Amino acid sequence: MERINAIITGIGGYVPDYVLTNEELSRMVDTNDEWIMSRVGIKERRILTEEGLGTSYMARKAAKQLIQKTGVDPNTIDALIVSTSSADYQFPSTASIVVGKLGLKNAFAFDFWGACCGFLYTLDVAASMVQSGRYKKIIVIGADKMSSMVDYKDRSTCPLFGDGAGAVLLEATTEQNIGVLDSYLRTDGKGLPFLHMKAGGSVCPPSHFTVDHRLHYLYQEGRTVFRYAVTNMSDDCVLIAERNGLNKDNIQWVVPHQANMRIIEAIAKRLELPLEKVMVNIEHYGNTSAASIPLALWDNEAKLKRGDNLLFTAFGAGFVHGASYIKWAYDGAK
């Protein structure tokens, strides 16, 4: 029996229309364009401002574009998975809302929580589902409305994050040496004190006290997170490259989580790759958490060629981190 592989056959994306610039942020908190650009490399970010719209809206937009671009029959989709840290509700799942809005009659759906590493983890889970032979077509979405959890009075975190969604279609093939070929994923579990939201979960449910003390916003100890991210993302990429015979000469693209331009530069340096081989859109979108890798693919799809070797890498709260090796399956101009 031939081995089944999982290949990405299409990309969709969505970012909100509203652009929050550094100049506008400087009127909200004590910051400026030079400070933000020199430390993280972000010029602007997209924000979903319409009342009553959440993560599922952006996820649906990205998935709808994906379905239209690929021409896939919606009734042949077996599953839809949304990776997010900003679900519309505690329940039901954001994925169930997306499936309902898209009218996918034969798909089951669930959410996956992996913070900024969520898309990477979810892609590996979905690829394993396809490789099992039980599922042929799965939509994987990374989507986050980070503006819903950012404190716009905190100058250390509010410039970092934006909203958006990216989606890929994962399909089965019996063609060999193609698609999602390898992954190295780890969780060290030591990251809670350094990156979390203090209230809103079962340990500290919402109350007047938690609201009054602004405990429903993202908290980050930036220096510690930066140090862990640089070390782990770089090490993970090197490990995946070495065990698959990849090097600076045969890696076409690195697609990193877009958290900080200095982290991205450090990864490129460790792999001895020019930045021209790294997909970067942090300047325009900021950190969109689980959406950042698929949005980078979406922005750069036209540059991709069948047979290209890609490394995905990410790091997030937990701490969670990893890298994946993908051999691309189609020309981007398709």
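Biologist: Are F112 and Y121 buried or exposed?
Modeller: This is a predicted model, in which local features need pLDDT of at least 70 and side-chain atom pairs count only at pLDDT 80 or more, while totals for chains, interfaces and linings use all residues. Residues are numbered from 1 along each chain as its sequence is written, and side-chain values use heavy atoms, without hydrogens and water. Buried means under 20% relative accessible area, exposed over 50%, and partly exposed in between (1.4 Å probe, protein chains only). F112 and Y121 are both buried.

Biologist: What angle separates the planes of Y228 and F319?
Modeller: Rings of Phe, Tyr and Trp (its six-membered ring) pair if their centres lie within 6.5 Å; planes under 30 degrees apart count as stacked, over 60 as edge-to-face and the rest as tilted. Y228 and F319 lie 4.8 Å apart, centre to centre, in a tilted pair. The angle between their planes is 40 degrees.

Biologist: How many residues apart are Y228 and F319?
Modeller: Y228 belongs to helix α7 (residues 222–243), and F319 to the loop between β12 (309–316) and β13 (320–327). Helices (H or I, at least four residues) and strands (E, at least two) are DSSP runs, numbered from the N terminus. The pair thus links distant parts of the chain, and its separation is 91 residues.

Biologist: Why does Y228 count as partly exposed?
Modeller: F319 is buried, with a relative accessible area of 0%. Y228 counts as partly exposed because its relative accessibility is 24%.

Biologist: Over which ring does the charged end of K198 sit?
Modeller: The criterion is NZ of Lys or CZ of Arg within 6 Å of the ring centre and within 35 degrees of the ring normal. At 4.5 Å from the ring centre, the charged end of K198 sits over Y219.
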